Amino acid sequence: MQKLRSIFFATCLFLCESLAVLAQQPPVGYFDIPPGFDFPANKQTLEQYRTSANVPAQRLHVWNVFAGVTQTTPDGKYPVFETWFSEDEVFKVGPEPQAIGPRRIVRRFKQPAQLSAIPGELGPQAAGTALLSEVLYNFTGYKHVRTNRLYLTVELDALRGNGAPDSVVPGNRVIPAFPSEAISLKTVWWPIARDQVTALPVWDPESNPPRPTGNPFTSWARVVAVDPNQTNVPPNATQTVFFLGKQFTNSHLVGIDAFHAIKLDAQTAQNAMANERLTRAAELALGRPLQEGDYVVLVATHLTTKEIDDWVWATFWWHDRPDRGPFAADRPAKVGGVWRNFLMSATYDLDLPRESDGKPHIAFNPWLEAGFPDGGSGNGTVSNCMNCHNRSAWRPDWQGQGGRVFLPIFRGKPDLQNDPAYASGRLRTDFLWSIPFSSQ
């Protein structure tokens, strides 16, 4: 009888949670991409861009979506994406209450998953340094996780045994696929002191050749000097600045107005500094913990949309010379303001378009993947977002010495026979690492 009661209670809880989410509308203060930014695009059109390796069309679509997520909200307070749901909200245990009153923006900085080390978990290799990061879901993605209870490890275990079989990976099952309007966004931030010029590393491909040991931002050849109290800095201004004990003379001086910058209140700074790894990140950049009045500036973001079955993948990073080189190509006028200071790489396919050497396509973010060492097939600067996320699964049943196992860089199609990420008995999590990382 007690067992029947438990089953009845669990069933009722599941139904209540599902109905609550299904009935819920986005809260006041939440904003989606407005019309006019090619989202969601026609799936067949994007697949044609993919199979024909039409890079300009692929890039233009991604730039348009980026312009949409960075549009200012009608109240003028935020870019659209900052009103989205944090990982903590998406993966919170228990039913979500109906929205009451305007949405309150609370920034919950963490360490990027690429740079973390969770004992026993199967994940990407740590690059050895920490940054401030926040993963966000739009309402469609949030609702999908909540409705399907993908925030619960017990639900993932159940799907691993009873979910739909994976049509590609033998012996694996799949979670319910996300809707085409779903978006996941990983943001990466760099601290800027309120009262002094702060060094910020800049990725120049020509000055940072591939290294077998990886090339994290701590080893990049150049930095800019960011002045928190200047705007409209002359384009050729320079200043000497120090980073990790090294002097960088004649560094390009830029003002805080060159960035999407957030001025920290006391509580947000205190919350971030409660995390030991984030404290290390602040001390690396500033030589001290974050304080009220300091800034964090957006330096990188991964943007992925479920407009095609394998998702559309794009990655952006800030640069002080953003109109030079192939990563600036195809940027439309819709991308305005500080958002024009970002470069971009995109991928719709594991292979296409092939690189000049005939090998599979490369798409990586220097802030997040450049630090990955060479595991035998190249380091992070020859990686592809899709290859890494294609490995995302629940639940790892093996681990290496010292915790999370290094997943070596591979390009092209997955190695289903030899890559342990595709071992039998796993639940594929629709390319999203946040599900195995954040479920409870």
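Predicted model: local features only at pLDDT ≥ 70, side-chain atom pairs only at ≥ 80, totals over all residues.
The protein comprises 10 helices and 15 strands. Of its 440 residues, 56% are classed as buried. The accessible surface amounts to about 18,800 Å², and carbon and sulfur atoms account for 54% of that area. Among contacts between residues at least 6 apart in sequence, 74% connect residues at least 24 apart.

Helix H5, which spans residues 139-147, is largely enclosed by the rest of the structure, because seven of its nine residues are buried. The buried residues of H5 are Phe139, Gly141, Tyr142, His144, Val145, Arg146 and Thr147. The residue Arg149, which follows H5, adopts a positive phi near 55°.

Side chains of opposite charge can pair when their charged atoms come close. In the present model, 18 salt bridges were identified. One of them joins Arg288 and Asp195, with an N to O distance of 3.6 Å. This pair links distant parts of the chain, 93 residues apart: Arg288 belongs to the loop between helix H8 (276-286) and strand S11 (295-305), whereas Asp195 belongs to the loop between strand S5 (183-192) and strand S6 (198-202). Arg288 is buried, its relative accessible area being 15%, while Asp195 is partly exposed at 49%.

A salt bridge is also formed by the side chains of Asp323 and Arg331, with an N to O distance of 3.0 Å. Here the acidic residue, Asp323, is exposed, with a relative accessible area of 60%, and Arg331 is buried, with a value of 11%.

In the salt bridge between Asp351 and Lys413, the closest N and O atoms lie 3.8 Å apart. Asp351 is located in the loop between strand S13 (342-347) and helix H9 (385-390), and Lys413 in the loop between strand S14 (393-394) and strand S15 (427-428); the pair therefore ties together parts that are 62 residues apart in sequence. Asp351 is buried at 10% relative accessibility, whereas Lys413 is exposed at 54%.

Residues up to four places away in sequence being excluded, Pro360 touches Leu350, Asp351, Arg354, Glu355, Arg411 and Gly412. The C-alpha atoms of Pro360 and Asp349 are separated by 9.1 Å, the two residues being 11 residues apart along the chain.

A hairpin is formed by strands S8 and S9, with two residues between the strands. Strand S8 (residues 238-243) pairs with S9 in the antiparallel sense over five bridges. Within this pairing, Val241 has Phe248 in S9 as its bridge partner. Leu244, in the hairpin, takes a positive phi near 55°. Ser251 is also placed in strand S9, which covers residues 246-255. Ser251 is buried, with a relative accessibility of 5%. Its contacts, apart from neighbours within four places in sequence, are Val223, Ala225, Ala237, Thr238, Gln239 and Val241.

Further features concern the backbone. The peptide bond from Phe39 to Pro40 is cis, with omega near -10°, and Pro40 occupies the loop between helix H1 (2-23) and helix H2 (43-51). A cis peptide bond likewise connects Trp394 and Arg395, for which omega is about -5°. Arg395 is situated in the loop between S14 and S15.

Positive phi values also occur at residues other than glycine. Ala53, which is not a glycine, has a positive phi of about 55°; this residue is found in the loop between H2 and helix H3 (55-69). Ala53 is partly exposed, with a relative accessible area of 27%. For Asp330, also not a glycine, phi is positive at about 70°. Asp330 lies in the loop between strand S12 (312-318) and S13 and is partly exposed, with a relative accessible area of 30%.

Methods. Residues numbered from 1 in each chain as written. Heavy atoms only, no water. Salt bridge = Lys/Arg side-chain N within 4 Å of Asp/Glu carboxyl O. Helix = DSSP H or I, 4+ residues; strand = E, 2+ residues; numbered from the N terminus. Buried < 20%, exposed > 50% of the residue type's maximum accessible area, 1.4 Å probe, protein only. Contact = heavy atoms within 4.5 Å. Areas by Shrake-Rupley, 256 points an atom, 1.4 Å probe, with all protein chains shown as cover. Pairing = 2+ DSSP bridges.
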